[in-house]
Amino acid sequence: MDSRSWLLLEPDPPELRLPEDLRARDPFGGRDCGWVAQMRPFVRHYAAPGARVFDPFCGFGTTLLAAALEGRDACGLEIDPARAQLARERLHRHGIDAPIATGTLPETPAPAPFDLCLTNVPYFGCRWPGEADAQAGQLYLERDYEAYLRRLRDLFHAVRDALPEDGYCIVMAENLNLDGRLLPLAWDLARVLGALFVARDERLLCYRREARPLAPGDARSDRSHEYALVFQKQRERVCLDSTRDALQALRDAGFAFDLYGSYPRWLADPGVREPADADLLLPDDQAEFDRLLWWLHERDYALSLWGEPLRPPLRLPRLREHWYVRAQRRDRLGRLVRLDLSLADQAGRQTPAAR
Ligand SMILES: C[S@@+](CC[C@H](N)C(=O)[O-])C[C@H]1O[C@@H](n2cnc3c(N)ncnc32)[C@H](O)[C@@H]1O
């Protein structure tokens, strides 16, 4: 892979395509089968030789085939048992024996530990021929866009848990045209992934299609591109000077709070690992909490509850359920301040891993 932010992809040679007899057995005619050529550059660039590549939506096994052709191990998950079987048969024909489990994250774990997650998401609004109750969790059958994004969030949360530190999660997706409107699926997905991983880059994947003239004012392009969204599991560095200034600004505005966790530990001993956030313990006072959230909101902090955007106010019982609200601000030099707000009476309790 070189430094260009786009890749022009050519179709696979016949010997690497999904064989016709397997395609004919798929009720969807294998229409959503990707190209080996799409995955190979990412395997080469982001997985060291001998590393294992995981595809949580492995479909017909295209990513797994790409990984094996590049000398990497592979494993996959696929919710549709018939497809999982087609993928196994396809790989066997290439002499490849990669574990493929039937099921979905987070309920079914990846069948083996992995170093790189590389996948194509199932699109929202797809006219999948299966029955909704026959395949609970099948994202092609999800009726509501928000529920679809929530499900992806839970699924990639499980990917993050299983990925080693510094491992990449690369997801291919496109914005869709649904009912004459652009549905920015790729961008919404980038936001979902951005709450779980550090965004590293995007690559535009371009496909050759024959151009056709458009009537003036006709806004529909042929959508012959998609995105590879490149994310990494990494502790994001906060700016310690900006964090100190932000805490001072809070004190100057009259907010009472205690600091706990890694930030005061680092203040006491700068030799320890730098904190990834500042944890604030707040008094159990709804009015003060509302004032704090509005104060942050007005200063352009992004507020979120387990990765979901939040607008004030927030009732304290809801905060208790979620343990903390995250308030985050990035300035134009890229300096990040991240404050996690929880109630003082929750300090002694074990918080779940940051979601
Ligand atoms: C775009 S296709 C993947 C095709 C694959 N990249 C290939 O080229 O062989 C998406 C796949 O995700 C599967 N799928 C949908 N919802 C799922 C879920 N919740 N968990 C696992 N697989 C799911 C679908 O059955 C479909 O096979």
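## Surface and overall build

The accessible surface of the protein chain is about 17,900 Å², and carbon and sulfur atoms hold 49% of it. Such areas come from the Shrake-Rupley method with a 1.4 Å probe; for residues, only the protein chains shown count as cover. This is a predicted model: local features need pLDDT of at least 70, side-chain atom pairs count only at pLDDT 80 or more, and totals for chains, interfaces and linings use all residues. Residues are numbered from 1 along each chain as its sequence is written, and side-chain values use heavy atoms, with hydrogens and water left out.

The protein chain has 355 residues, and 48% of them are buried (under 20% relative accessible area, 1.4 Å probe, protein chains only). Its C-alpha atoms fill a box of roughly 70 × 50 × 45 Å along the principal axes. The chain holds ten helices and 16 strands. These are DSSP runs, numbered from the N terminus: helices are H or I with at least four residues, strands are E with at least two.

## Around the ligand

The ligand is surrounded by 22 residues, and the closest are Gly34, Thr62, Glu78, Arg83 and Gln138. The shell divides into ten nonpolar, nine polar and three charged residues.

A polar backbone atom of Phe60 is 2.8 Å from a ligand oxygen. For Ile79, a polar backbone atom is 3.3 Å from a ligand nitrogen. A backbone N or O atom of Gly137 lies 2.8 Å from a nitrogen atom of the ligand. Alone, the ligand exposes 600 Å²; the protein buries 99% of that.

Two strands pair if DSSP finds at least two bridges between them.

Strands S12 (residues 278-282) and S16 (residues 336-343) run parallel, joined by five bridges. Here Ala278 stands opposite Leu339 in S16. S13 (residues 302-305) and S15 (residues 325-330) pair in the antiparallel sense over three bridges. Ser304 has Arg326 in S15 as its bridge partner.

## The hairpin

S13 also pairs with S14, antiparallel, over two bridges. Leu305 stands opposite Glu308 in S14. The two strands form a hairpin with two residues between them. In the turn, Trp306 has a positive phi of about 50°.

Notes: Near = heavy atom within 4 Å. Polar contact = N/O pair within 3.5 Å; in protein donor to acceptor, adjacent residues only side chain to side chain. Nonpolar A, V, L, I, M, F, W, Y, C, P; charged D, E, K, R; others polar. Buried < 20%, exposed > 50% of the residue type's maximum accessible area, 1.4 Å probe, protein only.
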